[in-house]
Amino acid sequence: MLVLMLVAAATLRLCPLTRAQPLCRIYTVRTGKMFYGGQQTQGDNLYFSSVTTHLITHPCKKNIALYLGRQLFFTRNNFESSLLPLSIPTSMQVGIPEVTSAHFAGSVLLLVVNQKVYVYDYEANSWNASIGIKHSVSHISGDNCCYSEHTLCLDISNSIFAYLRGDQISQTTIYFSETQGYRFQKYAHERQAEPGVLLGGIFYFHSLSQVGLLLIDQGKAKFKYSDHPLNDSFGLPFDYNGTLDVLITPGQKGILIFWFERSLLVSQSAGQFVNPVRVQEGHRILYSSIFEANITIHNVAVNDNELVVLTRESNLYYGSLGILSSFLIKFSDQTIWSQEAAPMFTGLGMLEILSPLRDSVFPAFDFRKCPVNIQAVLMDPQLQVDVCKVELLQGEFDNKMYVIDMNSELELTAVMIPKPGTSPVPLAMVSNPHSLGLQAIIYEEGYTGDGSIKHRLNISLKQQHHWGRADPNFTSSIKRPTTSTITLDIANKEISCVDLKPLTALISIGCDLEKKIIVQNKISACYKGVLDPVTLQDNYSYVIEKEAYDPNFRGQMATKDLVVHYPYKQLGCPLLIYYATPWKPVVELWREGKFQEIIKAEYVLLEVNGLFTYTYSLTADSARCTSQPQNWTTIMENTSDKGPFAWDRENYVSCHDPKNDAPLRWPHVQYQILGGQTANKITFDQRNGIYVFFISIVDPYYSYCHLQTTFSVYVYGAFPLPIFPEEITSFLLMVTILLSVWLAYMIPKVWHMEQGHRFKAFWGSLCRRCRKFCAHFWCRR
């Protein structure tokens, strides 16, 4: 009897430990209905075309989300209040209010309604129809950058594609927008001539700086990319069963999720390699794919590094998007599925399963929620999940954006503290190895208070071209700005490391906006007293003679003089230059207010008012050009729509480049490029005055920035030009000298001859008559 009582007591004590805990405790959100009262939705109620519900969250604004089902619900507080269904104004005249695709683009929500794109500005509560789309579209795609307010980040969020999924690739029309979807234009893509190839989607993979076309052909799919070096080949083909929805995970890491009710695939490389997601129990692989597991997917939710699958069998599967592989584990059973249910991540390791509930009295819908704490569920011993081996993974670069300009480097550091007795493997990876290369070093830095070893990682980043380890056919064009992400994670990380998210930073291999150029001005005209700074600031203006300038920058004389106002606030006091001394400016590079270096790269100058009273010291021949060099005339002819100052790093072609095949037909033309490998300089004509120059760094290998500025010089020391030509002046001077010599010889000789006496008598008589006349005149007065 005593033994039975002890067994019963032990059983009662063990029951709470072995009984499966529920995944979540369901509650209903029913608030805010007083604000709606008897109010009905205005306009046409929108509904989603798919039989399965979708729920998309804003990657940057975590409380903003859109539920798509029989009704659409837009929330700004994670569905923490009752909501009216989303409707579109009847003035939009959408016809059938069926939604086939939706996307958050920065501060607006884009919807494809009845094969047209509409923009909902939820900040201003206004609707607009997109401009420029002339054909039917069914889907839109885009991405959001949440790292900073940098121009590149804004460009990522503003880039949108619109297309008709399932259309023949040989005849489909794709549209692209750089304005958050307000205005579209046709996107030029290489059409596939093969019949039967369908368009599965088009995506801007900013993690790879490529546009990817998803092509479908006879049950197989593959990506075609837009730029070198990936444009010469396709991504590896993969099975395309059903119609796959494509999700781009946040963070620009290149992780894609492809899913259909019987298929779930993942790519860690922006579609280059696509693999099925496995189902595991502990370390044991149960099924190699969702299809093999006989699972029917109802919905999928993802965040930066987590994945959740809700099935129609009312099961919930959870997975981590690891840096090397991805798999799912099945949570304990609970009746959580309904036709309207949709999962949504509300934070790291925090999930909610949401279902709208119709109210019989009020028009606003309530929401049934089932919150799931992933970390708490993973502690269930039945899941056979190993304990996380890492206590800390930390880096100051996490969730930040950096810029690497041409020939620049970036150093990042991180700290990892593993649990005692474990050997986790940290792994740093870049999403775009064609542009960005890395080198990582790890070493022991010390010990923590509890005796754990503290490891430090130093990561060096620079352009792949400058590491010297990659084949030229592997690297992207060095002239093209690109982007990449750097991710530091644990290669053998356990799925229980929910709170240990990877460290990620966005790297822009492009223009550093903090850079600028300044022309050195050590000796100014004001310093030498040639010009007065007070006068220059007092609305100073000067006149350019019509013979010295051409408003069309063609070197032809103008028809009238030009009065120029001098912008002292912008230019300051002009640099002083002696006209007869060949000159070129000393250009300095500055960053964040600090001097960096003297620029020796190639640059060009142009006087902004059209002055052409200066020449270059070198010709194409003396500059040793192997092809015909560019000049301002040819640039203006080829870029007439961009104005006269269009010469920059993007259209510059060096005449010393062996790949430049333009023949050298006119070797004696002026060579108008300064800096670089030549000693070219400028010589001013005999004219004093102010010159205002535009300067542009055109060397495409110096910086991705358009380094341009304006500066002024004052040319002095030139004498006024003579009235008569030098040839006539020289001739008259020689005649005068010869005549003077001849007279000096002839006058003394003639003076003592008879003609000389007659001459003296004549002038003597003339003088006597003049004296008598003057005396008579004065007497009469």
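This is a predicted model: local features need pLDDT of at least 70, side-chain atom pairs count only at pLDDT 80 or more; totals for chains, interfaces and linings use all residues.

Visitor: What makes the link between the side chains of Ser-452 and Asp-450 a polar contact?

Guide: The two side chains come to 3.3 Å. A polar contact is a pair of N or O atoms within 3.5 Å, where, within protein, one must be able to donate a hydrogen and the other to accept it, and residues adjacent in sequence count only if both atoms are side-chain atoms. Residues are numbered from 1 along each chain as its sequence is written, and side-chain values use heavy atoms, with hydrogens and water left out.

Visitor: Why is Ser-452 called buried?

Guide: Buried means under 20% relative accessible area, exposed over 50%, and partly exposed in between (1.4 Å probe, protein chains only). Ser-452 has 1%, so buried is the word.

Visitor: How do you know that Arg-30 and Asp-366 meet in a salt bridge?

Guide: A salt bridge is a side-chain nitrogen of Lys or Arg within 4 Å of a carboxyl oxygen of Asp or Glu. Here the N to O distance is 2.8 Å, so the pair qualifies. The pair links distant parts of the chain, 336 residues apart. Arg-30 and Asp-366 also belong to a network of salt bridges with Asp-359.

Visitor: Which of the labels, buried, exposed or partly exposed, goes to Arg-30, and which to Asp-366?

Guide: Arg-30, at 47% relative accessibility, is partly exposed, whereas Asp-366, at 5%, is buried.

Visitor: What makes Lys-501 and Asp-398 a salt bridge?

Guide: Their closest N and O atoms are 3.1 Å apart, so they pass the 4 Å rule. This pair, too, joins distant parts of the chain, 103 residues apart. Lys-501 is partly exposed at 30%.

Visitor: And why do Arg-591 and Glu-592 count as a salt bridge?

Guide: Because the closest N and O atoms are 3.4 Å apart, within the 4 Å limit. Arg-591 is partly exposed at 28%, while Glu-592 is exposed at 51%.

Visitor: How many salt bridges does this rule give?

Guide: The count comes to 20.

Terms used. Helices (H or I, at least four residues) and strands (E, at least two) are DSSP runs, numbered from the N terminus.
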